[in-house]
Amino acid sequence: MATPPPPTIPDELLEEIFIRLPTPDALARASAACTSFRCVIKGRAFRRRFRTLHRPPLLGFMDVGGFYPAQAPHPSAPVAGALAPCAADFSFVPAVVSSSSYFVPPGVQDDGEGPRWRPRDVRDGRVLLDWRSFYPRSVLRWSYPEDGSRVSILMDSRELGDEERCDRPTWTKRERCNAADFHLAVCDPLSSRYVLLPTIPEDLAAQPQDRLHGFEPVLAPNTRDDGEEEPFKVICIARYMTKLVLFVLPSATMQWSMVEPPISPSLERMSCFDCVRCCFYWTKPYGWSDHLMVLDTRTLRFSTVDLLTGYHVELSDLPDECFAHRHPMAVVMGREGALEMFSLASQHGSFALYHTSLKNNSHQWKLEKIIQLPGQYHSICTIGAAEGFLFFRGAPEGIHIGNVDCYSMEVKTYEITKVCTKMENTFNPRRALPYFSFPPLLSEPTI
């Protein structure tokens, strides 16, 4: 008598089993077990449900030097290692200029790669790129002092002569750097899809009629909470001599517009910001200011949050040497309706994070916890915050260029996990961007 086949498990029950798997890596192994399992997991409804219930895994960090995947024993190491070749390669995005325009000045070591796309911001699985040519044959970026400030210009490199180190250039043919000079692209590295953004029109870039001192392109966060992707939006924060202007491009129209906020915040270093619930929060890189600057990416309006209240007054009274290694000064993130901050300080050779919060309807910052950090490092600095994690890196004493260890700390549990080790100049660390993304099995292309 033949053995009856095992009963078939309904797809609905399989979904309930698979949705409870703890990691995308475990789900990938289940998908490889049989065709019926893979059909359920590849279903659009299941993938949307899984993305809603689970945050994307941390795959590693991006900076101008490349991609650094999470390493074992980090739980994302298997997925990160498999996807690292895709995440590290932007060669599928067409070049803006010919590589023949690239040359290496005497005394400068060539990295062999020439001009290329480099990451500026990462959000929702997308990467915002700009085209960087450090040593173009025809044009160089230069800055010089004028009227008590520094002026950035673009100049023909052939005008450089023996007096190229002088305080003020003597050439007459020069063009001030403006917002129309920047080339940007948005890509999804795991699906090799991209969009080349139009440059900001010359007439629009000329409207501020002021000297450009800083230009920071960022990706606005996804405002949906159902796991579905939405068209992206790029915001370029242009800081001029006397004002601050926003250049905005929604992917739905691919048309640039300009917004000049009614208030002009002072952002000395625009790279020190974190994204919390569709808002960007800026803190000063060094020292304490009396407020946080906030940009709501939905309304494109700036506001401020009082900083020097409650426990922050005590922190600000600590000796300056306690904050000598801190960069940026603090990281802002949100949880359960509260605005939260982690401030890095060192005392007697040890480092700690001071976790403070500003509850709803409260005007006083309250100390939540002091978290001691690993003690084997001579220098520790914070990297940023995303997806409920704070990131920092530690460097040993007595090195200039060497291995630094990168860590994540889960905000809710304070659990500290080593992510990877990478080579870096410890005196001039690169800005590292944490890269979160579901593997292609669970995601839809974001471009």
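**A walk through the chain**

Leu 13 is found in helix α1, which covers residues 11-18; helices here are DSSP runs of H or I with at least four residues, strands are runs of E with at least two, and both are numbered from the N terminus. The model is predicted, so local features need pLDDT of at least 70 and side-chain atom pairs count only at pLDDT 80 or more, while totals for chains, interfaces and linings use all residues. Residues are numbered from 1 along each chain as its sequence is written, and side-chain values use heavy atoms, with hydrogens and water left out.

The protein chain has seven helices and 26 strands. Of its 447 residues, 49% are buried, where buried means under 20% relative accessible area, exposed means over 50%, and partly exposed lies in between (1.4 Å probe, protein chains only). The accessible surface of the chain is about 22,100 Å², and carbon and sulfur atoms hold 51% of that; the areas come from the Shrake-Rupley method with a 1.4 Å probe, and for residues only the protein chains shown count as cover. Among contacts (heavy atoms within 4.5 Å) with a separation of 6 or more, 54% are between residues 24 or more positions apart.

Together with Ile 9 and Ile 17, Leu 13 makes a nonpolar surface patch of about 250 Å². Patches take residues with over 30% relative accessible area and no salt bridge, joining like charges within 9 Å and nonpolar side chains (Val, Leu, Ile, Met, Phe, Trp, Tyr) within 5 Å.

The structure holds 17 aromatic pairs. One of them is Phe 18 with Phe 37, an edge-to-face pair at 5.2 Å centre to centre with 70° between the planes. Phe 18 belongs to helix α1 and Phe 37 to helix α3 (residues 35-41), so this pair links parts of the chain 19 residues apart. Rings of Phe, Tyr and Trp (its six-membered ring) pair if their centres lie within 6.5 Å, and the planes are stacked under 30 degrees, edge-to-face over 60 and tilted otherwise. Phe 18 is buried at 4% relative accessibility, whereas Phe 37 is partly exposed at 25%. Ring pairs also bring Phe 46, Phe 50 and Phe 438 into a cluster with Phe 18 and Phe 37.

Helix α2 (residues 24-31) contains Ser 31, which is buried with a relative accessible area of 2%. The side chain of Ser 31 makes a polar contact of 2.9 Å with that of Arg 38. A polar contact is a pair of N or O atoms within 3.5 Å; within protein, one must be able to donate a hydrogen and the other to accept it, and residues adjacent in sequence count only if both atoms are side-chain atoms. Leaving aside residues up to four places away in sequence, Ser 31 touches Arg 38, Ile 41 and Leu 441.

Charged pairs come next. The whole structure has 16 salt bridges, each a side-chain nitrogen of Lys or Arg within 4 Å of a carboxyl oxygen of Asp or Glu. Arg 393 forms one with Glu 424, the closest N and O atoms being 3.2 Å apart. Arg 393 lies in strand β23 (residues 389-395) and Glu 424 in strand β25 (residues 416-425), so the bridge ties together parts 31 residues apart in sequence. Glu 424 also bridges to Lys 422, with N and O atoms 2.5 Å apart at the closest. Glu 424 is buried at 5% relative accessibility, and Lys 422 is buried at 2%.
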